[in-house]
Amino acid sequence: MRTTAVILQGPKTLGLGEVTLNDPGAGDLVVEVRHSGISTGTEKLFWSGQMPPFPGMGYPLIPGYEAAGEVVEAAAGTGYKPGDRVFVPGANCYGDVKGLFGGASRRLVTGADRVVRIDPALGAEGALLALAATARHALAGMNTKLPELIIGHGVFGRLLARLTIAAGGAAPTVWEINADRQVGATGYSVLHPDDDPRRDYGCIYDASGVSSLLDTMVGRLAKGGEIVLAGFYPEPLQFSFPPAFLREARFRIAAEWTREDLVATRDLIDHGALSLAGLITHTVSAEQAESAYQTAFEDPACLKMILDWENAA
């Protein structure tokens, strides 16, 4: 079985190509992808060549861990049937082409235990489930506090703010230095950090992935406050010790989502407690993948780029 997929041959060398899919086996589904998202975190690091050594990495690589589509084949006993809409957090089904992510493909093969059934009415927003689950995992892990300050008003920062409010927390403050991204808040405030005089935040979440901000965050903490590193950082992290010492600062690293997070986030969406509306700013045909990835990574006005696979060959 052959399909069309986005293939990253090397840093900034990307386009559509044909690949051979592994044959589906027991417990597998074949999914026709309708929409896939472009991650401006880990995928950008692979695209730019800045990704530090990571298990399973290498080129050629099929990117994408944000895919929503329709089951077209289902092995017996999976609990799925053709026509079911599912979210797929990537796939590794492409033979010699690496599928560390593997969701940016017209068709893919995946274990049924990896997917989550979603409402077809979500459409392209269904591809955002992994990002929303990542935000949920940061908030709902062990011994966690809800954020009082969130750094960055991209899609991830917006999801953190929405989930904080959905969890019954006080509306957080969000910092954003880009004027284009300061709009779109509902129920919380977005400020340039220069306009925020507060220096006693009990819990700060970083959604920017900017490794040089640690000292700035420490300077805004209350004594005993916590900084949650919710982004992905290609450079070594460092901070000045004395200010952190005086505040008895605590640091927590939020890892990626689990299946429990995917299911819980899907349920929040289904029950109307979490909205994914207004997060997708760009949708283009998958045939324009090369320019779409560049726009996603280099245009600050692009919050989330979605590839539409409907008419891709």
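Which residues line the largest cavity? In this predicted model, local features need pLDDT of at least 70 and side-chain atom pairs count only at pLDDT 80 or more, while totals for chains, interfaces and linings use all residues. Residues are numbered from 1 along each chain as its sequence is written, and side-chain values use heavy atoms, with hydrogens and water left out.

The largest cavity is lined by Arg34, Ala68, Gly69, Arg85, Ile118, Asp119, Pro120, Leu122 and Gly123, a cavity being a set of points, on a 1 Å grid over the protein atoms alone, where a 1.4 Å probe fits but cannot get out, and lining residues having an atom within 4 Å of a point. Its volume, the space filled by probe spheres set on the points, which are joined across faces, edges and corners, is about 40 Å³. The lining of this largest cavity divides into four nonpolar, two polar and three charged residues, where Ala, Val, Leu, Ile, Met, Phe, Trp, Tyr, Cys and Pro count as nonpolar, Asp, Glu, Lys and Arg as charged, and the others, Gly among them, as polar.

The structure holds two cavities of 30 Å³ or more. The second largest cavity, with a volume of about 30 Å³, is lined by Leu8, Leu14, Glu43, Phe46, Trp47, Leu61, Pro63, Tyr293 and Phe297, and this lining comprises eight nonpolar residues, no polar residues and one charged residue.

How values were computed: On a 1 Å grid over the protein atoms alone, a cavity is a set of points where a 1.4 Å probe fits but cannot get out, and a pocket is an open set with protein on both sides within 12 Å along at least five of seven lines; lining residues have an atom within 4 Å of a point.
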